[in-house]
Amino acid sequence: MMSAEPDASATDLPIEVESPRFGAISYTQSEIIRFPWGLPGFTSLRNWLALTLESQPSYIWLQSLDDLKVAIPTANPYHLFEDYDPKLPSYAAAALDIHSPSDFTLLSVLVVTAAAAEMTINLMAPIVINVHTWRARQVLLENSAYSVRTPVPRKAVQEEAASSAI
Amino acid sequence: MLVLSRKMNQSIMIGDNVRIVVVSVDRDQVKLGIEAPREVPVHRSEIYEEIQRANRTAASSASSGSSTPPVAGGPTRAKLEPRKKDTPRP
């Protein structure tokens, strides 16, 4: 190799995988969100992508790269609940090297049931993502009043999607 | 599971950094003190298990595929940004 530059290009080559939910996905190393502790229920799954579909812009899918069968629907809790501003436990800041509100964003896990018009969102255990390092952890707000299954009318998600498209 | 008997004020070391102390014992309730590094989460088991169940339910309802419209176009990377508190509302 005669190039004087470090071989950074090799780590940014697109990787192709086939996911049962999304079909063919192409991604680069820099797009991987690393969960060093996995997630409760999926503690061995450490590498994830955050994906959206144009048809469902309010859903952010966490697609596991370690087990392609696993994809978890989430949403931005701030968009659905304007006043949601939880105090993060100290282990969140320590684990993810977070020092200010501009260091992180939150995603909340959605449980979508086929039949009902409603879905629920987990406001008690947000996923905290450091937007500089792209490391993440789900944190439990154990002593808060937030519920694991907070109802979200499905209509609200569609309206939020419509307004964000304007 | 390792089972140890402790009396009031006795403690247990887990690894090098976590200590559990029996603070008080009152009939059917034990008060435990936990000393752990700041980055170690400590939660009541039933809360942790509830989150486990919710995550697993969320993932399995997704894989059934029947709850959301069929996937049309391919997925794109989601835009994740910190909350901007001073952003004016539309």
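This is a predicted model: local features need pLDDT of at least 70, side-chain atom pairs count only at pLDDT 80 or more; totals for chains, interfaces and linings use all residues.
Reader: What makes β1(B) and β2(B) a strand pair?

Author: Two strands pair if at least two bridges are found between them. Strand β1 (residues 11-14) of chain B and strand β2 (residues 18-26) of chain B have 4 bridges, so they count as paired. Their sense is antiparallel. The hairpin of these strands has 3 residues between them, and Gly15(B) there takes a positive phi near 65 degrees.

Reader: How do you know that β2(B) also pairs with strand β3 (residues 29-35) of chain B?

Author: The criterion is at least two bridges, and 7 bridges join β2(B) to β3(B), therefore the two are paired. They run antiparallel, with Val25(B) opposite Val30(B) in β3(B). In this hairpin 2 residues lie between the strands, and Arg27(B) in the turn has a positive phi of about 55 degrees.

Reader: Why is β4(B) called paired with strand β4 (residues 47-53) of chain A?

Author: Those strands are joined by 2 bridges. The definition asks for at least two, so the pair meets it. The strands run antiparallel, and Leu51(A) stands opposite Arg77(B) in β4(B).

Reader: How many residues does each chain give to the contact?

Author: Chain B gives 38 residues and chain A gives 48 residues. On the side of chain B that touches chain A, α1 (45-64) and β4 (76-77) of chain B are the elements giving two or more residues. The largest share, 15 residues, comes from α1(B). By class, this side has 16 nonpolar, 13 polar and 9 charged residues.

Note on methods: Residues are numbered from 1 along each chain as its sequence is written. Chains are lettered from A and ligands numbered from 1 in the order in which they are written. Two residues are in contact if their C-beta atoms, placed from the backbone, lie within 7 Å. Ala, Val, Leu, Ile, Met, Phe, Trp, Tyr, Cys and Pro count as nonpolar, Asp, Glu, Lys and Arg as charged, and the others, Gly among them, as polar.
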